[in-house]
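Let's take a walk through this one together.

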Amino acid sequence: MMTVASVGTLVACLLIVGLAVLFSINVDNIVAYIGEQNELVVFLDLDAPAEYPAVFEQELRSVSGLGEIVYISRDDAMKSVVDKYLEGDAGLMDGVDSSFLPDSFRVKITAPDQLDTLMQSVGRMDYVDRVEAPTELTKTLVNIRRMVNTFGGGIIAALVVVSMVIITNTIRASVFTRRKEIGIMKYVGATNTFIRIPFIVEGIFLGLIAALTAFFITWGGYDLFAGMVSRESSSWLAIVTSHIVPFSDLSAILLSCFLVSGVTVGAFGSAFSMRGYLKV
């Protein structure tokens, strides 16, 4: 029963910490995705040469922190205005020249935390009239992402400490039930190392079982949740959660962490928990 309790406690603690890590990673990834949907809108001067937009686009592609670039010509801008505001009255614009509208570019931001620097860099380029961007929204998302990383890390660290305390106490209780066996072995001349080795091996074995159990439970729960979300195709939530990190991208790291944690806690927990019973 104490063996089952030790494995169960270790599994529960690994699950809690693992799920906290996965939650933190996915929230960070989703917030980053939302932030990358923000765009810079760059308007060129009306007197910019006709061939300059192609040159300017190449300059934009050389700027780090910018993603997809869409060029909007004056004619495209005119058509957009007509479609959006005039609808069935497009004839009102017959004969109107599009020369009063500027060429522009819509540029995705891949580094939202560098928005101010990007706006300044682009604004200093030749023939740029102005640069617009949702600065307040972007800064809010950057702050949210920073808070998620900070608080997520703090919560995970706290869970690790609590888990270690719980696991150590459970293993200590398990060793306590065998205190008479340890005492008898000491009385017949067994060395401390000889007594410790079986407990350490048992701790490693139980740690492996707990780590694998926690990993497969996490895997199944993660895939189940991702599948439930993916079926909500009509919801805006599905658009955001479609950027949940695939478990296959995290499985190797998570399994390694579980195995190392399980084996280490099992071995050292057993070794240290029996120190008081070796003095007879």
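Which residue in strand 3 is the bridge partner of valine 41? That would be arginine 106. Before going further, a word on ground rules: this is a predicted model, where local features need pLDDT of at least 70 and side-chain atom pairs count only at pLDDT 80 or more, while totals for chains, interfaces and linings use all residues. Residues are numbered from 1 along each chain as its sequence is written, and side-chain values use heavy atoms, with hydrogens and water left out.

Back to the strands, which, like the helices, are DSSP runs numbered from the N terminus (H or I, at least four residues, for helices; E, at least two, for strands). Strand 1 (residues 39-44) runs antiparallel to strand 3 (residues 104-109), and five bridges join them. Strand 3 is also joined by five bridges to strand 2 (residues 66-72), again antiparallel. Two strands pair if DSSP finds at least two bridges between them.

Now slide along to helix 4 (residues 115-123), where Leu115, Leu118, Met119 and Val122 are buried (under 20% relative accessible area; exposed is over 50%, partly exposed in between, with a 1.4 Å probe and protein chains only). Looking down the axis of helix 4, the buried residues fall within an arc of 100°, so they line one face of the helix; the arc is that of the directions from the helix axis to the C-beta atoms. An α-helix has 3.6 residues a turn, so residues three or four places apart point the same way.

Next stop is alanine 210, in helix 7 (residues 192-230). Alanine 210 is buried, at a relative accessible area of 0%. Setting aside neighbours within four places in sequence, alanine 210 is in contact (heavy atoms within 4.5 Å) with Val7, Leu10, Val11 and Leu14. The C-alpha atoms of alanine 210 and valine 4 are 10.0 Å apart, though 206 residues separate the two along the chain.

What about the cysteines? Cysteine 13 is buried, at 6% relative accessible area, whereas cysteine 257 is partly exposed, at 41%. The structure holds zero disulfides (a pair of cysteine sulfur atoms within 2.5 Å).

Zooming out, the chain has nine helices and four strands, in the order α-β-α-β-α-β-α-β-α-α-α-α-α. Of its 280 residues, 38% count as buried. Among contacts with a separation of 6 or more, 84% are between residues 24 or more positions apart.
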